[in-house]
Amino acid sequence: CNRAIRLLTHNVRVPTLCLSKQQCLFTATASPDRSKDFFNTSQASILTHPSHVEAQDVTHKSDGVMGIMETCHNWTTGETRNSNTQQILDKICTSVANNPRLMNKAIAEQLTNAITNPKICVVHCDKQRLRAVTLGDAGFVVVRNNSVIFQSQRRSFLFNEVPVLKEPHDVTQHAYHTEIELQSGDIVIMGSDGLFDNLYMEDIEQIISRSSKEELASNLAGSAMAAGCSTRKMTPFSERVNEETGQLWNGGKPDDVAVVVTASQ
């Protein structure tokens with residue numbers, strides 16, 4: 001993280017439930033949504049890291065479908081590999097809404113040879129059944145009574161990278177697929193790697209217990225951004241760097257953060 005960012009986070013305790021005035025340069029978007037069937041309320045929040053010219057993460061939420069996708073951005077070199085990520089994600093989610101059982105096909109049609117190293121999570125909820133496909137380190141958790149009861153698996157190929165999709169069947173081979181029966185009152189939280197690389201499950205549970213459903217997405221995103229800009233806090237990312245590469249890394253992962261939260265009826 002740019003050392004100038006230390007000025008913004010020096011006095012921030014993580015998890016934090018709001019951003020200070022100085023931290024408002026993390027541009028955020030949050031909007032409520034009401035979708036059919038399963039959804040009661042849905043919120044999204046995107047925070048852009050100060051080193052990025054524009055947001056690298058995008059979200060989608062409509063018609064019982066939620067999605068998060070990250071522009072293929074190499075955070076060490078600054079290279080951005082694709083510029084139409086929102087359009088790709090919207091097409092995938094529209095296809096999933098029309099036929100949820102063909103999630104793999106919808107993803108493969110849009111991602112194969114169109115984009116390298118995609119990081120994506122798509123969730124479809126119909127009544128109380130959740131279907132999800134994740135690729136890379138975007139993911140989701142299911143929360144019940146303020147406790148995380150399910151966490152999707154990270155599907156990375158090498159450290160901080162995911163496989164290039166060359167053939168449609170690569171989605172089936174490399175993606176993580178799951179179906180879950182949900183209960184009334186369950187909360188589904190989707191996040192880009194900026195969320196799950198910077199907050200432990202204990203951090204997420206603590207923020208959930210202190211937040212209203214309307215504030216939860218923005219509170220999670222703000223806390224993850226603060227942790228990502230920290231040069232001292234132990235984070236899931238710093239643990240992974242130390243364990244998987246042997247390098248010593250202090251603090252969080254400087255990255256954009258995207259969060260989508262939905263609550264069952």
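Author: Let us begin with a definition: a residue is called buried under 20% relative accessible area, exposed over 50%, and partly exposed in between. The model is a predicted one.

Reader: Is Trp 249 buried, exposed or partly exposed?

Author: The relative accessibility of Trp 249 is 23%. Since buried requires a value under 20% and exposed a value over 50%, the class that applies to Trp 249 is partly exposed.

Reader: Which kind of aromatic pair do Phe 237 and Trp 249 form?

Author: Two aromatic pairs are found in a search of the whole structure. In the pair of Phe 237 and Trp 249 the centres are 5.6 Å apart and the planes stand at 90°; as planes over 60 degrees apart count as edge-to-face, the pair is edge-to-face.

Reader: How many residues apart in sequence are the parts that this pair ties together?

Author: Phe 237, which is buried at a relative accessible area of 1%, belongs to helix H8 (residues 236-245). Trp 249 lies in the loop between H8 and strand S11 (257-264), so the separation in sequence of the parts tied together is twelve residues.

Reader: Turning to the sheet, which strands stand at its edges?

Author: The open sheet consists of five strands with antiparallel pairing, in the order S3-S4-S5-S6-S9. A strand with a single partner has one side left without a neighbour in the sheet, and this is so for S3 (57-62) and S9 (176-181). On average, neighbouring strands here are turned by 10° against each other, direction ignored. The edge strands are therefore S3 and S9.

Reader: How many residues of S4 are buried?

Author: Strand S4 (65-70) is joined to S3 by six bridges and to S5 by six bridges, and in both cases the strands run antiparallel. Both of its faces are covered, with Val 65, Gly 67 and Met 69 buried on one side and Met 66, Ile 68 and Glu 70 buried on the other. S4 is therefore largely enclosed by the rest of the structure, the count of buried residues being six of the six.

Reader: What is the bridge partner of Asp 57 in S4?

Author: S3 and S4 form a hairpin with two residues between them, and Asp 63 in the turn has a positive phi of about 50°. The bridge partner of Asp 57 is Glu 70.

Reader: At about what angle does helix H3 run to S6?

Author: Helix H2 (residues 85-98) lies across S3, S4 and S5 and runs at about 155° to S4. Helix H3 (residues 103-111) lies across S4, S5, S6 and S9, and its angle to S6 is about 30°.

Reader: How wide is the arc that the buried residues of H6 cover around the axis?

Author: In helix H6 (residues 201-210) the buried residues are Met 201, Asp 203, Ile 204, Ile 207 and Ile 208. Glu 202 and Arg 210 are exposed on the other side of H6, while the buried residues pack against S7, S8, S10, H5 and H7.

Conventions: Residues numbered from 1 in each chain as written. Predicted model: local features only at pLDDT ≥ 70, side-chain atom pairs only at ≥ 80, totals over all residues. Heavy atoms only, no water. Pairing = 2+ DSSP bridges. Helix = DSSP H or I, 4+ residues; strand = E, 2+ residues; numbered from the N terminus. Axes fitted to C-alpha atoms, helices over the stretch in contact; angles between N-to-C directions. Contact = heavy atoms within 4.5 Å. Buried < 20%, exposed > 50% of the residue type's maximum accessible area, 1.4 Å probe, protein only. Phe/Tyr/Trp six-rings, centres within 6.5 Å; stacked < 30°, edge-to-face > 60°.
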